[in-house]
Amino acid sequence: MKPVMIVQFSASEGPGHLGDYLVNEHIPFQVLRIDRGEALPADIHAYSGLAMMGGPMSVNDDLPWIPPLLALVREAVAQRIPVIGHCLGGQMLAKAMGGEVTDSRFTEIGWVRAWPEAVPHAVEWLGSHAALDLFQWHYQTFSLPPGAVHILRSEHCANQAYVLDDLHIGFQCHIEMKAEMVREWCGISPEELKGGAEADPAQPMIQSAAEIMHDLDARIATLNQWAGHVYARWAKSLKRD
């Protein structure tokens, strides 16, 4: 099998549990480090799938690598090469395929309860869950690209996940998290958390470090379990040689 290309935008936002899943399933992958100035490939044909992680920038920023990445996403979709996006990556997929990315009325940082939509795609991709506890760290949100199926929502952010062409999936949340990543992020950006210097007390979905860390290992174990279901469904369509 050709490798999956994983696009990493920030030093602290690596493949996480997605990388663990691919290793365990013996699926080859390559991590392309945008944060280190690595260049995007000219086309997608050398890869079986395209995964995009999170990052602190906006898809609307004037950065030289954003237009070629959006073009690469569109090429992958046109070639039916599966795409998965986490947070910024989900916004990239949405914008590439005709959606909009805008500031969210509510910032979500920490653990947020979400509910699958009552559609067959939600069961297929997320499993049979009445509700899911998601890890969030975002200030913006996406609209659904044309033809997408909405599969997941939270109280303060309607568009948490969507499926496109039954091959591609975009998330607003971070399903890739591991416990060490959560701890690292809280340590890097304490000012963004509830009680931090820059946190907005009018934002009800920003948690404190203590709230985020509460029962962390159990929460991560649950998150990893259902993320594995998502990754397995996505990996079914990876391009084989």
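Residues are numbered from 1 along each chain as its sequence is written, and side-chain values use heavy atoms, with hydrogens and water left out. Because the model is predicted, local features need pLDDT of at least 70 and side-chain atom pairs count only at pLDDT 80 or more, while totals for chains, interfaces and linings use all residues.

Helix α2 is a friendly place to start. Helices (H or I, at least four residues) and strands (E, at least two) are DSSP runs, numbered from the N terminus. The expected span of a helix is 1.5 Å times one less than its number of residues. For the 13 residues of α2 (residues 66–78) this gives 18 Å, and the end C-alpha atoms are 18 Å apart, so the two values agree. Directly after α2 comes R80, with a positive phi near 60°.

Which residues of α2 are buried? They are I66, L69, L70, L72, V73, E75, A76 and V77, where buried means under 20% relative accessible area, exposed over 50% and partly exposed in between (1.4 Å probe, protein chains only). Among the elements that cover these buried residues are β1 (4–8), β3 (49–52), β4 (83–86), α3 (88–96) and β9 (168–171).

Aromatic rings come next. A pair of aromatic rings is described by the distance of the centres and the angle of the planes. Rings of Phe, Tyr and Trp (its six-membered ring) pair if their centres lie within 6.5 Å; planes under 30 degrees apart count as stacked, over 60 as edge-to-face and the rest as tilted. The structure holds 7 such pairs. One of them joins F135 and W185, and this pair is tilted because the ring centres are 6.0 Å apart and the planes stand at 55°. It links distant parts of the chain, since F135 sits in strand β6 (residues 132–142) and W185 in helix α5 (residues 179–188), 50 residues apart. F135 counts as buried at 0% relative accessibility, and W185 does so at 5%.

The rings of F142 and Y162 have centres 5.1 Å apart and planes at 75°, so this pair is edge-to-face. F142 lies in β6 and Y162 in strand β8 (residues 161–164), so the pair ties together parts 20 residues apart in sequence. W111, F135, W137 and W185 form one aromatic cluster.

Finally, S208 is found in the loop between α5 and α6 (209–213). S208 is buried, with a relative accessible area of 15%. Leaving aside neighbours within four places in sequence, S208 is in contact (heavy atoms within 4.5 Å) with L193 and K194.
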